[in-house]
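Hello,

Here is the structure for your files. My notes on it follow below.

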Amino acid sequence: MSNFEIEAIDIRKTYGHLVANDGVTFRVGRGEVHALMGENGAGKSTLMSILYGIHQPDSGSVRLRGQATKLTTPSVAIANGIGMVHQHFKLFEPLTVWENVVFGSEPRKGGIIDARKAIEVVSSLGEQYGLNVDPRARVSQLPVGVRQRVEILKALYRGAQTLILDEPTAVLGPQERDGLFDVLRELRLDGRTIILVTHKINEVLDISERITVMRNGKVSGEMVTSAATADEIVSAMTGRSVRTVSRTKQAFGEVVLKVKGITVPSHGTKPLVDRVSFELRAGEIIGIAGVAGNGQTELIEAITGLRHDASGSIELAGADITGKPVRERREAGLTYIPEDRAATGTAIAASAQDNLLMGFHTRRDFSRHGLINSKAALHHAKALIARFGVKIASEETPVGTLSGGNLQKIVVAREIAKESLLLVAEQPTRGVDVGAIEYIHSRLLEESDRGRAILLVSSELSELFALSDRILVMYEGKAVAQIDRQEADEAILGSLMAGKVAA
Ligand SMILES: Nc1ncnc2c1ncn2[C@@H]1O[C@H](COP(=O)(O)OP(=O)(O)OP(=O)(O)O)[C@@H](O)[C@H]1O
Ligand SMILES: [Mg+2]
């Protein structure tokens, strides 16, 4: 019998003229954690969707434990012991955890669903692998890290021998990520095989046994992790080395954003945001740190005008914008890179050109008497696509077909390109590759040098350290600390984020 659990051999997959997988051979050993890396649009998710039976390759074959197997649908993949956790979870929110886990293959007694049995099975699976979830909890009430555990339980319940995780840590904070990795180690001890797609080199070095790197639809590197270096991985991904940027400058201008006593009520006893106040000056970058679910999202919604139940006051460049609609805030000088690029950041069915024009269409250089100057719009789109390295067939391509990271680049490019006093950037590099992170970071620093005030929310501590002048830590809705970057380190931040008062 083969030592490989999965072999994808000479896989080719095209979308129209675009070659997403170009003769890819990918082999995963039984019981290993295998990392799959590569730039945005390299073809990683395409390959994974072929292994999970979502897409069929144009040519090439798949072998499971040495046997040629046709994975024609996800059900066939599941029947063959392959499970997948997608980046965008596919859970039924109104249902409970156990209902989601057993959905479609419920244990039955006398023809009806045996809820007690199902709850028992879900709890014992959870205990076995350290996936602590209350089987009776409603999914809609669970934070993202716990929802991910539900997805993993679902795959395990269906007998997954191999688990594919496509960028599982993109939505997790550091603590949640450590929790996930503990679970993955348990699964490996149990003899399961794990394929981990990620852009984060530290994670790969931390947990994987072997690494495959893709570039432009082809395999550009295969390494044993213990013998690999970060530089080698980066150059296999990008063909060059990548620097990390860092902040140097210090002089700030006038106060641009003044937030006073922002409070967002909740249905429970504790408010979601609890009397948060701070001032942000021209040329200054404030980073907001916190474990997901501690009020960061709601605070940003209150500032950008997406939420109407907040109290307190907000001033933008001296003008009171409290209670003003989003459009007026934008006119007063606010631009916004939202966390959820698919839902609020882009119009999925529209072209890249139209998406890049959103918010520019009333400007003089782009329109006259209500007519869009299509030449200027095209020029604008072409320039941003080139500068941000968006991998896309043409400006006409609907953004819904873009890879995760390339869609993110569209939103970031558009909002950075807008002139504004204040840029609110929520997870600006989530899901983008190392080369693009470097570029986005240097652009953000450049913008702040030009006097733009930047409010940055990030679950990546390294990003907060690289960019922020000051870091505001949120815990249970409160701004529990505001510290200068020079005085902050990971240990201090970590304990503040966990609700422990720093020494
Ligand atoms: N359904 C589709 N229709 C057209 N093009 C597609 C489709 N799915 C993927 N593509 C294209 O195939 C290429 C590879 O995309 P894929 O999603 O596999 O990249 P990826 O390596 O997962 O990137 P990322 O790191 O950004 O997630 C991209 O250029 C993408 O635009
Ligand atoms: Mg992808």
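**Ligand site and domains**

Ligand 1 is surrounded by 19 residues, counted when a heavy atom lies within 4 Å of the ligand; Gly41, Lys44, Thr46, Ser403 and Gly405 are the closest. This is a predicted model, in which local features need pLDDT of at least 70 and side-chain atom pairs pLDDT 80 or more, while totals for chains, interfaces and linings use all residues. Residues are numbered from 1 along each chain as its sequence is written, chains are lettered from A and ligands numbered from 1 in the order written, and side-chain values use heavy atoms, without hydrogens and water.

Polar contacts to the ligand (N or O pairs within 3.5 Å) come from several residues. The side chain of Ser403 has an N or O atom 2.7 Å from an oxygen atom of ligand 1, and for the side chain of Ser45 the distance is 2.9 Å. Thr401 places a backbone N or O atom 3.0 Å from a ligand oxygen. Of the 640 Å² of accessible area that ligand 1 has on its own, the protein covers 85% (Shrake-Rupley method, 1.4 Å probe).

The shell has five nonpolar, 11 polar and three charged residues, with Gly counted as polar and Asp, Glu, Lys and Arg as charged. At least two shell residues come from each of β2 (18-29), α1 (44-51) and α14 (404-417); these are DSSP runs, at least four residues for helices and at least two for strands.

The chain is divided into domain 1 (4-238), domain 2 (253-333 + 421-430 + 452-503) and domain 3 (340-419), with bounds from an automatic or database assignment. Ligand 1 lies between domain 1 and domain 3 because both give residues to its shell.

Regards

Terms used. Polar contact = N/O pair within 3.5 Å; in protein donor to acceptor, adjacent residues only side chain to side chain.
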